[in-house]
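Here is a short briefing on one protein chain. The notes cover the fold first, then the aromatic rings.

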Amino acid sequence: ISGGVYLGGVPHTGSSLRVIPAAAMESILIFHRSDDVTRFMLNRAPFIDGCFARPDEVPHELKSLWAGVVFSSTPVDLKLAFTRQQDPGPMLKMARDGSLPLLVLHGDQDVIVDADSVVREVQAVWKDIEVVILPEVGHSPFYEDTAAVMERMGAFAKRVQAGRYAAKL
């Protein structure tokens with residue numbers, strides 16, 4: 001792995017409770033607890049809107065596609081997504097020694113994952129990090145500002161690959 005890119009999230013370091021605001025976490029926890037299909041689905045609709053800085057401007061078709069994916073996940077699937085055991089040790093070792101560059105692209109209007117908390121979490125660990133907070137973007141930077149995301153990812157990939165191959169010359 002030459003580097004990592006996080007879009008609207010944070011690498012798994014056990015920090016979910018520190019970067020997800022209480023209201024969003026409560027919504028996520030309801031996904032895990034409910035075997036009541038109606039309640040399960042009703043709690044997902046606001047979550048989908050929460051993925052966007054301006055949900056009223058997102059086409060119905062796109063929200064419907066996202067809803068289909070979200071609604072097909074069972075409470076067990078979602079619980080595993082948030083609680084499965086992971087060992088971040090090797091990743092954190094690479095983060096601290098600078099051998100795993102990281103690009104974090106985050107929206108300043110994300111209500112699901114708090115941008116300031118993410119910045120604090122990753123800057124405390126990563127030696128080689130680039131954090132970009134995208135203005136007027138929510139939890140879906142790849143959708144809400146595709147051009148900026150592609151531009152930043154392209155520049156990051158060039159920098160990481162140039163450094164990787166230059167070291168071998």
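Residues 24 or more positions apart supply 75% of the contacts with a separation of 6 or more in the protein chain. The model is predicted. Its protein chain holds nine helices and three strands.

**Fold and surface**
- From the N terminus, the order of elements is β-α-α-α-α-α-α-β-α-β-α-α.
- The protein chain has 169 residues, and 40% of them are buried.
- About 9,800 Å² of the protein chain is accessible surface. Carbon and sulfur atoms account for 59% of that area.

**Aromatic pairs**
- The whole structure contains three aromatic pairs.
- In one of them, the ring centres of Phe52 and Trp66 lie 4.9 Å apart. Their planes meet at 35°, so this pair is tilted.
- Phe52 sits in the loop between α3 (37-50) and α4 (60-71), while Trp66 belongs to helix α4. The pair therefore ties together parts 14 residues apart in sequence.
- Phe52 also pairs with Tyr143, with ring centres 5.6 Å apart. Here the planes are at 80°, so the pair is edge-to-face.
- Tyr143 is in helix α8 (residues 141-144), so its pair with Phe52 ties together parts 91 residues apart in sequence.
- Ring pairs join Phe52, Trp66, Phe142 and Tyr143 into a cluster.

**Burial of the ring residues**
- Phe52 is buried, at 3% relative accessibility.
- Trp66 is partly exposed, at 22% relative accessibility. The cut-off matters here, because buried means under 20%.
- Tyr143 is partly exposed, with a relative accessible area of 31%.

How values were computed. Residues are numbered from 1 along each chain as its sequence is written. This is a predicted model: local features need pLDDT of at least 70, side-chain atom pairs count only at pLDDT 80 or more; totals for chains, interfaces and linings use all residues. Side-chain values use heavy atoms; hydrogens and water are left out. Helices (H or I, at least four residues) and strands (E, at least two) are DSSP runs, numbered from the N terminus. Buried means under 20% relative accessible area, exposed over 50%, partly exposed in between (1.4 Å probe, protein chains only). Contact means heavy atoms within 4.5 Å. Accessible areas come from the Shrake-Rupley method with a 1.4 Å probe; for residues, only the protein chains shown count as cover. Rings of Phe, Tyr and Trp (its six-membered ring) pair if their centres lie within 6.5 Å; planes under 30 degrees apart count as stacked, over 60 as edge-to-face and the rest as tilted.
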